[in-house]
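The following note collects comments on a structure under review.

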Amino acid sequence: MRYVKLPSGNFEDFFNSLKGIGQIYGPVKEGKTHHFRRVEEAGEMDLKYTRTMLPPKKFFVRPRERLFSLEDGWWRKDGDGKPFVLFGVHSCDVHALKILDRVYLSEPVDPYYAERRKSAFIVGISCLPDELCFCKSLGTHFAMDGFDLFLHELPDGWLVRIGSVRGHEVVWENARLFDEVSDEDIANFKAFEEKRAEAFKRELRSEGLADTLDLAYNSPVWKEYAEKCLACGNCNLVCPTCRCYEVCDRWVDAYRAVRERRYDSCFMESHGLVAGGHNFRPTRLDRFRHRYYCKSYFDPSAGFNCVGCGRCDEFCPAGIEHVKVLDEIRGSLE
Amino acid sequence: MNPYESHPARILEVKDLTPREKLFTLRFLDEELNEEFTFRPGQFVIVDVPGFGEFPISLCSSPTRSPIQLCIRKAGRMTKFIHGMKEGSVVGIRGPYGNGFPMEDMEGSNLILVAGGLGMAPLRSVLWYALDTGKYEHVWLFYGTKAYEDILFRDEILHLLKHGSAMNCTVKLAYEIESPSCIYLEQGFSDRVCRGVVTDLFRGENFDVENSYALICGPPIMYRFVIRELLNRKLSPGRIYMTLERRMRCGVGKCGHCVVGTSVSMKYICQDGPVFTYWDALSTRGLI
């Protein structure tokens with residue numbers, strides 16, 4: 001890793017220099033929540049945010065996107081490859097993008113996702129956890145790759161970790177804005193990370209989690225929570241790693257049609273429905289359990305499908321807490 | 001390459017199989033693709049009717065023969081639409097997808113094909129592949145159907161009932177609803193046609209379990225009974241293959257509709273399947 005320092009006074013210049021890459025999207029506070037929005041000035045952003053409502057996945061797997069347009073009786077591929085900057089991405093969300101990469105960039109590569117992934121310049125930013133964050137338990141509280149630049153807050157600026165050749169080039173081209181990292185900066189960086197590590201209030205017991213859940217398939221706790229769950233699918237929409245989509249053809253007018261895909265949710269009854277009306281996950285219990293199994297699926301090479309961002313807790317209208325459910329399931333087995 | 005892009009194919013022939021099922025014979029417009037296109041029995045394609053949508057369908061022809069054939073049941077909006085399409089129309093095809101049956105691994109062994117209803121479609125691919133290549137010891141086909149009118153590929157099945165033994169092939173048929181045609185058939189082939197369920201057809205058959213594979217396809221309820229029958233005969237769970245149905249939307253492991261399993265083992269039916277062994281089912285919850 002290469003490290004440089006961005007003094008506070010140069011922050012705005014640095015932000016403006018990124019406009020050369022493309023449109024910048026950053027965390028903006030609207031009402032009580034934060035959202036990634038198009039920003040023109042550095043001041044529009046609120047960098048001391050905990051989590052946005054929709055995660056950065058919305059830039060890569062769009063809530064609704066056009067795959068093809070019907071022209072002269074056959075399909076023409078749609079897509080956009082304009083370069084853009086995603087400013088202020090937290091470590092958990094960087095990890096979430098890596099999970100999406102594993103799905104969308106594995107053979108056969110999803111060309112729409114790949115195009116946007118290639119067009120994105122990602123600037124990470126350090127954060128402090130709130131009472132809902134449990135990324136530390138899953139090892140996603142610190143990103144080692146998956147970004148171009150990562151900014152860590154220092155008392156008088158930012159310690160910048162450079163994670164890619166493109167990140168290096170941006171620093172190189174704007175060398176006047178950056179300083180060398182001093183021993184004092186390193187001490188400050190270390191102190192911030194230690195303070196952060198201690199700030200986590202919530203913990204997920206992840207050891208043996210996958211097996212424990214599988215063994216607890218018939219636990220009454222599932223049923224208890226499934227009754228409480230409203231099956232609204234909010235948790236799917238805000239989850240940075242949920243990526244199920246549905247495809248449909250839509251007629252624009254009498255002559256033109258488009259093929260679109262949009263977010264789908266495993267809480268919808270139609271999710272497991274096949275031709276002829278047979279449903280492989282007919283009850284809310286089946287669907288509730290499925291989501292927890294999916295999030296806790298453990299891939300030996302890549303870890304869990306959950307990054308501990310706490311969005312599903314914050315935006316659950318029934319107040320269901322992810323870690324609490326898993327703890328209770330574990331408890332019902334012990 | 002865009003994995004979601006389908007290739008235009010012309011419907012060469014539409015044949016009524018039953019009141020609900022039609023057989024579509026298709027040929028790609030791109031000649032080169034016709035040359036290149038091959039698949040394994042048990043694989044499926046996604047049929048694309050531009051402006052209406054896509055749906056997955058098993059290939060029911062054998063890779064040893066061309067052009068490709070699809071047996072489509074009128075089950076919903078999309079399939080109803082394609083049932084109304086005429087010869088000469090163009091639809092899109094993408095694929096083949098999925099793993100298919102491991103035909104090479106089974107060479108030299110007996111194949112026990114167990115089909116229920118529409119499950120005959122993917123197994124027809126295996127049947128013709130086995131008979132065309134002649135690389136298998138003996139092929140049994142146990143086919144459970146509702147009524148005489150519902151027998152898929154009836155001409156072919158009747159032909160094999162009569163002449164199968166010359167090709168090392170034994171076809172047996174079980175029907176549920178009695179009709180004059182069925183009774184006539186039963187009188188002609190009393191040892192191979194009976195009223196009952198598909199598991200009744202196992203009676204009187206002895207398999208060398210060390211050298212046999214079972215390949216099952218049918219409605220979800222059928223698997224339990226057929227598998228029990230096979231396990232009673234000491235067939236290893238690793239030699240029982242079944243092909244499953246889920247809502248395969250994308251076919252390439254992205255859209256998430258066909259995912260089954262739990263935190264220890266999750267499978268995409270479209271990529272890891274649709275063919276699984278009974279051992280896979282034992283180790284992956286929700287598979288059957």
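This is a predicted model: local features need pLDDT of at least 70, side-chain atom pairs count only at pLDDT 80 or more; totals for chains, interfaces and linings use all residues.

1. Residues are numbered from 1 along each chain as its sequence is written, chains are lettered from A and ligands numbered from 1 in the order in which they are written, and side-chain values use heavy atoms, with hydrogens and water left out.

2. Strand E7 of chain B spans residues 110-116; helices (H or I, at least four residues) and strands (E, at least two) are DSSP runs numbered from the N terminus. E7(B) pairs with strand E11 (residues 212-217) of chain B in the parallel sense, over six bridges, where pairing requires that DSSP find at least two bridges between two strands. Strand E8 (residues 139-145) of chain B also runs parallel to E7(B), and six bridges join them. Within E8(B), B:Phe142 is the bridge partner of B:Val114.

3. E7(B) is mostly covered, with seven of its seven residues buried (buried means under 20% relative accessible area, exposed over 50%, partly exposed in between, with a 1.4 Å probe and protein chains only). B:Asn110, B:Ile112, B:Val114 and B:Gly116 point one way from the strand, while B:Leu111, B:Leu113 and B:Ala115 point the other way.

4. E7(B), helix H3 (residues 120-133) of chain B and E8(B) form a right-handed β-α-β unit. The term right-handed applies if, with the strands pointing away from the viewer, the path from the first strand over the helix to the second runs clockwise.

5. B:His83 belongs to helix H2 (residues 77-83) of chain B. B:His83 counts as buried because its relative accessibility is 6%. Beyond its neighbours within four places in sequence, B:His83 has contacts (heavy atoms within 4.5 Å) that include B:Arg20, B:Phe24 and B:Ile72.

6. A:Thr212 lies in helix H7 (residues 209-215) of chain A. Its relative accessible area is 14%, so A:Thr212 is buried. Not counting residues up to four places away in sequence, A:Thr212 touches A:Arg330 and A:Leu333.

7. The second largest pocket has a volume of about 500 Å³. Its lining comprises 28 residues, and the closest to its centre are A:Val103, A:Arg243, A:Asn305, B:Val259 and B:Tyr268. On a 1 Å grid over the protein atoms alone, a pocket is an open set of points with protein on both sides within 12 Å along at least five of seven lines, a cavity is a set where a 1.4 Å probe fits but cannot get out, and lining residues have an atom within 4 Å of a point. Grid points are joined across faces, edges and corners, and a volume is the space filled by probe spheres set on the points. H10(A) supplies the largest share of this pocket's lining, four residues.

8. The structure holds seven cavities of 30 Å³ or more. The largest cavity contains about 160 Å³ of space. Of its 18 lining residues, A:Cys229, A:Cys235, A:Phe267, A:Cys316 and A:Ile320 lie nearest the centre. H10(A) gives the most to this lining, with three residues.
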